[in-house]
Amino acid sequence: MTTYSTTLDTPVGPFTAVVDADGAVLASGWTADTADLVPLIHTSLRPRTVEPRSELGAVTAAVRAFHDGDVTAIDTVPVRQRSGEFIDHAWQVLRTVKPGEPVTYTEYAELSGRPAAVRAAGMACARNAAALFVPCHRVLRTDGTLGGFRWGLTVKEWLLGHEALTIAA
C-alpha cells in the first residue's frame, strides 16, 4: 500500500497527516514526527513505509482551511480506521458533533446509541488515530472540564476556542 505524509505549521504547532493512496486519512495529530502516528494505525491498515510529501491535496487544503477559520473544512475528508463495531460506529458519530458545540462523554455515549457505555465512548476517543478529522477534541468531561487529549490540553483548549470564536463570528 502506498502511503504518504505531510507536516504543516499550525498556530498550535506542527500537524502531520498520514494518508493512503486514495487520500483517506489513516492517522493525524499535532506532531512533526510520522513515527508518532504510524503505531496508532490499526495493524490491518498500517503501512510499512510512509513517503513524505509537501502536499496531500484535499487533506492539506482542509487542514489549512480549518486553522484559517473554516472549521467545517475537515468534514468531508475521508478517514479510514478500524477497531470493534461500537468504536467504529462511535467514530462516525463523532464526526457529526458540530464545531462550537462540544458534548460530554455521557452525551457522546448517548449519541452513539449506548447511553451506559460512557467508558467505551472515552475509549473511542483515546483510540482515535485521526485527530482533527475525527474531532475527539469536542468531547468533554461530564463537569465540562477538558479531560484528556493525546496531543495535549493546550492544543485541545486552542481547538475548542478556535471553533467557538469562528462559529460565533
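Is Cys 125 buried or exposed?

## A buried cysteine pair

At 9% relative accessibility, Cys 125 counts as buried, where buried means under 20% relative accessible area and exposed over 50%, with partly exposed in between, for a 1.4 Å probe and protein chains only. Cys 136 also counts as buried, at 9% relative accessibility. This is a predicted model, in which local features need pLDDT of at least 70 and side-chain atom pairs count only at pLDDT 80 or more, while totals for chains, interfaces and linings use all residues. Residues are numbered from 1 along each chain as its sequence is written, and side-chain values use heavy atoms, with hydrogens and water left out.

The closest cysteine sulfur to that of Cys 125 belongs to Cys 136, at 5.4 Å, which is too far for a bond, since a disulfide is a pair of cysteine sulfur atoms within 2.5 Å. A search of the whole structure finds zero disulfides.

Helix α2 (residues 85-94) packs against helix α4 (residues 118-127) at an angle of about 75 degrees, with their axes 9 Å apart; axes are lines fitted to C-alpha atoms, for helices over the stretch in contact, and angles run from 0 to 180 degrees between N-to-C directions. Helices are DSSP runs (H or I, at least four residues), as are strands (E, at least two), numbered from the N terminus. The two helices, α2 and α4, are therefore roughly perpendicular to each other, a term for angles of 65 to 115 degrees.

## A buried arginine

Arg 138 is found in the loop between α4 and β6 (139-140), and counts as buried at 1% relative accessibility.

Methods:
Parallel < 35°, antiparallel > 145°, perpendicular 65-115°, else oblique.
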